[in-house]
Amino acid sequence: MRKRGWSGTGQWIALQTILFKEISRFFRIWPQTILPAAVTNALYLLIFGALMGRRIGPIHGIAYLDYIVPGIALMSVITNAYSNVVSSFYSTKFQRHIEELITAPVSEWAVLAGYVGGGVVRGLVVGAVVVATAGFFTQLQVAHAGVLLAMGTLTAALFALAGFINAVYANSFDDISIVPNFVLTPLVYLGGVFYSIELLPSWWRTVSMGNPILYMVNAFRYGFVGVSDVRLDVAFALIGGLIVLLLTWAYVLLRRGTGIKS
Amino acid sequence: MSALLLRDLRKTYGNRLEALKGVDLEIPEGEFFALLGPNGAGKSTLISIVSSLVNKTSGRVEVCGFDLDRDREAAKRCIGLVPQEVNFNQFEKVANIVINQAGYYGIPRREAFVRAERCLRQVDLWDKRNVVSRQLSGGMKRRLMIARALVHDPRLLILDEPTAGVDIEIRHSMWEFLRSVNRRGTTVILTTHYLEEAENLCRHIAIIDHGRIVVNRRMQELLAEVQTQRYTLELKHPISQVPIIEDYAVEREDAYTLIAEVPPEGGVHGLFTRLAAQGIEVQGIRNGSSRLEQYFMRLIAESGDRDGTGAAA
């Protein structure tokens with residue numbers, strides 16, 4: 001009984017320690033982790049929204065700039081949640097201070113929750129910075145705050161988990177840039193950030209429906225402007241299923257010590 | 001109770017290298033224990049398995065009565081590890097490294113601050129608490145790893161080559177510190193290439209070679225077995241030939257230096273007397289290789305002869 005008591009409290013303190021360390025890390029290097037997203041996305045909003053958007057016209061009755069802001073914000077959430085965990089956990093492996101965690105009585109769940117939690121916080125912080133930046137270009141409304149927060153958090157968690165799995169398998173710094181550059185970026189750009197799939201030819205629309213990011217972007221957009229190309233229940237079921245899948249995968253990798261232990 | 005109990009511990013790596021071939025070892029609580037062996041003998045694999053850095057192939061590991069398979073969490077709480085290579089975040093401040101380590105062991109943050117201060121003061125690093133760790137010298141980095149290993153008050157402290165590359169002054173202060181840690185009741189297991197270090201600090205010794213424990217006994221018993229002491233003699237006047245002295249093996253290193261092996265029944269006094277009788281005056285004397293070193297070299301050479309690989313110290 002005493003042992004179990006320690007275990008619960010001890011694991012909670014260990015989780016808090018990892019989470020605090022992760023959050024301090026990205027805040028300490030904010031010019032590398034937070035500022036670039038604000039600058040890049042301000043340029044997106046200026047060029048695609050304020051300048052070109054006037055010529056494009058409204059989509060689903062929503063001004064083009066207002067239509068793309070949620071997608072751009074979620075794009076930042078996705079890339080930052082992913083890159084935070086993949087770079088931090090791979091560096092931990094590379095510098096060998098992963099050994100501090102392996103030798104300590106920290107459970108696999110606490111390690112996973114700490115790193116993924118760090119990625120989620122960074123994703124949401126950067127997402128909030130992008131939304132705040134968008135405030136200089138347009139008057140944003142929030143139609144469904146609950147949907148917005150839930151989808152933002154779940155998306156950040158999903159991609160933080162994906163970043164963790166990438167870091168576990170990575171053997172070099174090249175390995176941690178392949179997925180973001182060649183998988184994540186195309187999926188995000190083709191995931192309806194800048195357009196509605198109703199504007200696409202039918203074959204492309206069908207192909208797009210196989211892109212999970214499309215569901216997340218549309219559900220997130222629904223939170224802001226109340227319109228979506230996909231059903232919300234399908235979007236939440238999909239992201240929930242993917243999180244369970246990646247969570248199980250990441251846990252098994254940690255439990256086996258894949259990429260960490262001999 | 002045993003601080004560490006190993007039963008038929010085996011490890012075969014993916015490349016079929018059999019690093020441990022059935023190790024049995026029991027280390028009582030409170031012991032200061034040396035684990036020696038040539039490079040590649042299996043020391044690091046053994047330590048890595050005990051500290052959960054490497055998965056064993058088979059066998060049993062018990063730390064302070066906790067089975068590493070069944071009570072992993074409790075077993076891990078008993079161990080403090082000082083690894084051979086630096087393995088902390090080199091971009092982190094000194095104090096944060098120790099405070100975070102305490103957190104990983106479930107110590108609340110407020111208490112972690114208190115413990116970190118205590119441990120950093122013990123190793124004379126409190127003044128460096130706000131320094132980014134990569135700016136520390138090699139000796140300071142080792143002391144930081146010792147402070148980190150002690151922050152959760154482990155019952156078993158494992159040090160893998162703790163004084164490698166550390167200057168003599170710091171090495172002696174680290175020895176004194178480790179003695180005080182052991183006096184407070186912490187079991188210490190030490191691997192080292194400095195046999196003088198093991199001879200000075202440890203009360204029990206095991207030698208591992210080719211994945212097996214080949215010696216496991218009290219240090220005093222082992223040293224008593226090495227009958228002869230080796231000395232280097234500095235002569236007042238040069239000699240051209242090696243003096244022949246009954247009962248003593250004497251070699252000439254150069255015109256002013258002799259190496260002599262002194263049996264216990266003869267003693268140094270007998271040697272001096274016989275040298276004086278031959279007109280050889282000794283100006284200075286110093287210990288040659290330690291008795292443990294002689295024993296170790298002989299053992300490894302025998303082991304090499306047996307399997308035809310030659311000695312690999």
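How many helices and how many strands does chain B have? Chain B has 10 helices and 14 strands. Before I go further, let me state that this is a predicted model.

I shall begin with chain B as a whole. Taken along the principal axes, its C-alpha atoms fill a box of roughly 75 × 45 × 35 Å. The chain comprises 313 residues, of which 42% are buried. If we consider the contacts in chain B between residues at least 6 apart in sequence, 66% of them join residues at least 24 apart.

Let me turn to the sheet. In chain B, 6 strands form an open sheet with mixed pairing, and their order is β6-β7-β8-β3-β9-β10. The edges are β6, residues 79-82, and β10, residues 212-218, each of which pairs on one side only. On average, and with direction ignored, neighbouring strands of this sheet are turned by 15° against each other.

Which helix packs on this sheet, and which strands does that helix touch? It is α5 of chain B, residues 138-150, which touches β6 and β7, the latter covering residues 156-160. The direction of α5(B) makes about 170° with that of β6(B).

I now come to a second pair of strands in chain B. Strand β12, residues 249-254, and strand β13, residues 257-262, run antiparallel and are joined by 5 bridges. The hairpin between β12(B) and β13(B) passes through 2 residues. B:D254 stands opposite B:T257 of β13(B).

Is β12(B) largely buried or largely in the open? The number of buried residues among its 6 is 0, so β12(B) lies largely in the open.

Finally, the contact between the two chains. Chain A contributes 23 residues and chain B contributes 26 residues. On the side of chain A that touches chain B, α1, residues 2-28, and α6, residues 98-103, each supply at least two residues. Of the elements of chain A, α1(A) gives the most to this side, with 9 residues. Sorted by class, the side of chain A that touches chain B holds 8 nonpolar, 9 polar and 6 charged residues.

That concludes the presentation; I would be glad to take questions.

Key:
Residues numbered from 1 in each chain as written. Chains lettered and ligands numbered in written order. Predicted model: local features only at pLDDT ≥ 70, side-chain atom pairs only at ≥ 80, totals over all residues. Contact = placed C-beta atoms within 7 Å. Helix = DSSP H or I, 4+ residues; strand = E, 2+ residues; numbered from the N terminus. Nonpolar A, V, L, I, M, F, W, Y, C, P; charged D, E, K, R; others polar. Pairing = 2+ DSSP bridges. Axes fitted to C-alpha atoms, helices over the stretch in contact; angles between N-to-C directions. Buried ≥ 20, exposed ≤ 12 C-beta atoms within 10 Å, placed from the backbone.
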